[in-house]
Amino acid sequence: MGDQQKKLLEAIENKRQVLIHTAAKEGLSSPTAVRYSQELDDLLNEFEKVHAYKSAAFEMPAK
């Protein structure tokens, strides 16, 4: 796993923890929790793009 993926996984876990804490304190539909949820979605999408790109780069062409 590359540095970019590791950094994204760290950011995802940190944002997830912040979201859980905020949702428990303010409610899941609070503006802050919604914003953190959207930020988490963005990080997950970015990770998926990086992961898919790296996976595609190592795929062997079918014969």
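## Overall picture

Of the chain's contacts between residues at least 6 apart in sequence, 57% join residues at least 24 apart. Contact here means heavy atoms within 4.5 Å. This is a predicted model, where local features need pLDDT of at least 70 and side-chain atom pairs count only at pLDDT 80 or more, while totals for chains, interfaces and linings use all residues. Residues are numbered from 1 along each chain as its sequence is written, and side-chain values use heavy atoms, with hydrogens and water left out.

The chain's secondary structure is 2 helices and 0 strands. Helices (H or I, at least four residues) and strands (E, at least two) are DSSP runs, numbered from the N terminus. Buried residues account for 21% of the chain's 63 residues. Buried means under 20% relative accessible area, exposed means over 50%, and partly exposed lies in between (1.4 Å probe, protein chains only). The chain exposes about 5100 Å². Carbon and sulfur atoms supply 56% of that area. Such areas come from the Shrake-Rupley method with a 1.4 Å probe; for residues, only the protein chains shown count as cover.

## Helix 1 and its end

Helix 1 covers residues 3-26. Its 24 residues should span 34 Å at 1.5 Å a residue. The expected span is 1.5 Å times one less than the number of residues. The end C-alpha atoms of helix 1 are 34 Å apart, which agrees. The buried residues of helix 1 are Gln5, Leu8, Ile12, Lys15, Leu19 and Thr22. Just after helix 1 comes Gly27, with a positive phi of about 100°.

Thr22 sits in helix 1. Thr22 counts as buried because its relative accessibility is 7%. Beyond its neighbours within four places in sequence, Thr22 contacts Gly27, Ser30, Thr32, Ala33 and Tyr36. Thr22 and Tyr36 are 14 residues apart along the chain, and their C-alpha atoms are separated by 8.6 Å.

## The nonpolar core

The largest nonpolar core has 9 residues: Leu8, Ile12, Leu19, Ala33, Tyr36, Leu40, Leu43, Phe47 and Val50. Helix 1 and helix 2 are the elements that give two or more residues to this core. Helix 2 provides the largest share, 6 residues. A nonpolar core is a set of buried Ala, Val, Leu, Ile, Met, Phe, Trp, Tyr and Cys residues joined through side-chain atoms within 4.5 Å.

Tyr36 is one of the core residues. Leaving out residues up to four places away in sequence, Tyr36 touches Lys15, Val18, Leu19 and Thr22.

## Salt bridges

The structure holds 3 salt bridges. A salt bridge is a side-chain nitrogen of Lys or Arg within 4 Å of a carboxyl oxygen of Asp or Glu. Side chains of opposite charge can pair when their charged atoms come close.

An α-helix has 3.6 residues a turn, so residues three or four places apart point the same way. Arg16 is partly exposed, with a relative accessible area of 35%. Glu13 is also partly exposed, at 33% relative accessibility.

## A linked network

Lys15, Arg35 and Glu39 are linked in a network of salt bridges. Glu39 pairs with Lys15, the closest N and O atoms being 2.5 Å apart. This pair links distant parts of the chain, with Glu39 in helix 2 (residues 31-57) and Lys15 in helix 1. Lys15 and Glu39 are 24 residues apart in sequence, and 7.6 Å apart in space, C-alpha to C-alpha. Not counting residues up to four places away in sequence, Lys15 touches Tyr36, Glu39, Leu40 and Leu43. Lys15 is buried, whereas Glu39 is partly exposed, with a relative accessible area of 25%.

The side chains of Arg35 and Glu39 also meet in a salt bridge, at 3.7 Å from N to O. Both residues lie in helix 2, 4 residues apart, about one turn of the helix. Arg35 is partly exposed, with a relative accessible area of 41%.
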